[in-house]
Amino acid sequence: MTTVGEFMTTRLVTMDGNDTLTAAAQEMRDSAIGDVVVTDGDDVVGIVTDRDITVRAVAGEMDPNRTTLRQIISRDVITVSQYDDAVAAADLMRTYAVRRLPVVEDGRLVGLVSMGDLAVEREPQSVLADISADDPNN
């Protein structure tokens, strides 16, 4: 059995729910990532993706300098353990139609696993794996 911990990323970017969309977008740009995990202390309260900023905020004409992450986060985050089976994590993504799962141990965020991570691990010859393994182009 391959576990989530074998290929999750531990290079995480977290932000507070009171941070602005502009700050999150700049962090995503500077870190070459597509999401930030929103936390309240050690607790994961949501995830905001670059798509969330575009579809929920920009398309809704929200001011990115005044709108906070808390206003647009995806709540009810599904989490996994680093000891969970990778296939089970993929099934959770499919069931809940999500592309990322925070990895939590004893209530503390320790990593993140994405659909791309799973593709690289489970189907290394797939197009998604090829794209996911490549360096960012932004």
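This report describes the fold, the strand pairing, the helix packing and selected residues of a predicted model.

## Basis of the description

The model is predicted, and local features require pLDDT of at least 70, side-chain atom pairs count only at pLDDT 80 or more, and totals for chains, interfaces and linings use all residues. Residues are numbered from 1 along each chain as its sequence is written, and side-chain values use heavy atoms, with hydrogens and water left out.

## Overall composition

The chain contains 6 helices and 5 strands. These elements are DSSP runs numbered from the N terminus, with helices being H or I of at least four residues and strands being E of at least two. Read from the N terminus, their order is β-α-β-β-α-α-α-β-β-α-α.

Of the 138 residues in the chain, 37% are buried. Here buried means under 20% relative accessible area, exposed means over 50%, and partly exposed lies in between (1.4 Å probe, protein chains only). The accessible surface of the chain is about 8200 Å², and carbon and sulfur atoms contribute 44% of it. Such areas come from the Shrake-Rupley method with a 1.4 Å probe, and for residues only the protein chains shown count as cover. Among contacts in the chain with a separation of 6 or more, 54% are between residues 24 or more positions apart; a contact requires heavy atoms within 4.5 Å.

## The three-stranded sheet

An open sheet of 3 strands is arranged in the order β1-β2-β3, with mixed pairing. Its edge strands are β1 and β3, each of which pairs on one side only. The twist from one strand to the next averages 40°. Two strands are taken to pair if DSSP finds at least two bridges between them. In general, strands of a sheet pair through backbone hydrogen bonds, either parallel or antiparallel.

Strand β1 (residues 14–16) runs parallel to β2 and is joined to it by 3 bridges. Within this pairing, Thr14 stands opposite Val37 of β2, and Met15 stands opposite Val38 of β2. Strand β2 (residues 35–40) is largely enclosed by the rest of the structure, because 5 of its 6 residues are buried.

## Crossover and helix packing

Strand β1, helix α1 (residues 21–31) and strand β2 make a right-handed β-α-β unit. A crossover is right-handed if, with the strands pointing away from the viewer, the path from the first strand over the helix to the second runs clockwise.

Helix α1 packs against helix α2 (residues 50–58) at an angle of about 145°, with the axes 10 Å apart. The residues making this contact are Leu21, Ala24, Ala25 and Met28 of α1 together with Asp50, Ile53 and Ala57 of α2. Axes are lines fitted to C-alpha atoms, for helices over the stretch in contact, and angles run from 0 to 180 degrees between N-to-C directions. The crossing of α1 and α2 is left-handed, a term that applies if the near helix is turned anticlockwise from the far one by less than a right angle, clockwise being right-handed.

Thr49 lies in strand β3 (residues 43–49) and is the bridge partner of Asp35. Thr49 is buried, with a relative accessible area of 12%. Beyond its neighbours within four places in sequence, Thr49 is in contact with Met28, Gly34, Asp35 and Arg100.

Ile47 is also placed in strand β3 and is buried at a relative accessible area of 8%. Leaving aside neighbours within four places in sequence, the contacts of Ile47 include Val36, Val38, Ile73, Val77 and Pro102. Ile47 and Val77 are 30 residues apart in sequence, while their C-alpha atoms are 7.4 Å apart in space.

Most residues other than glycine have a negative phi. Glu61, in the loop between α2 and α3 (69–72), has a positive phi near 60°. Glu61 is exposed, with a relative accessible area of 74%.

Asp106 occupies the loop between β4 (100–105) and β5 (108–114). Its phi is near 50°, a positive value in a residue other than glycine. At 83% relative accessibility, Asp106 counts as exposed.
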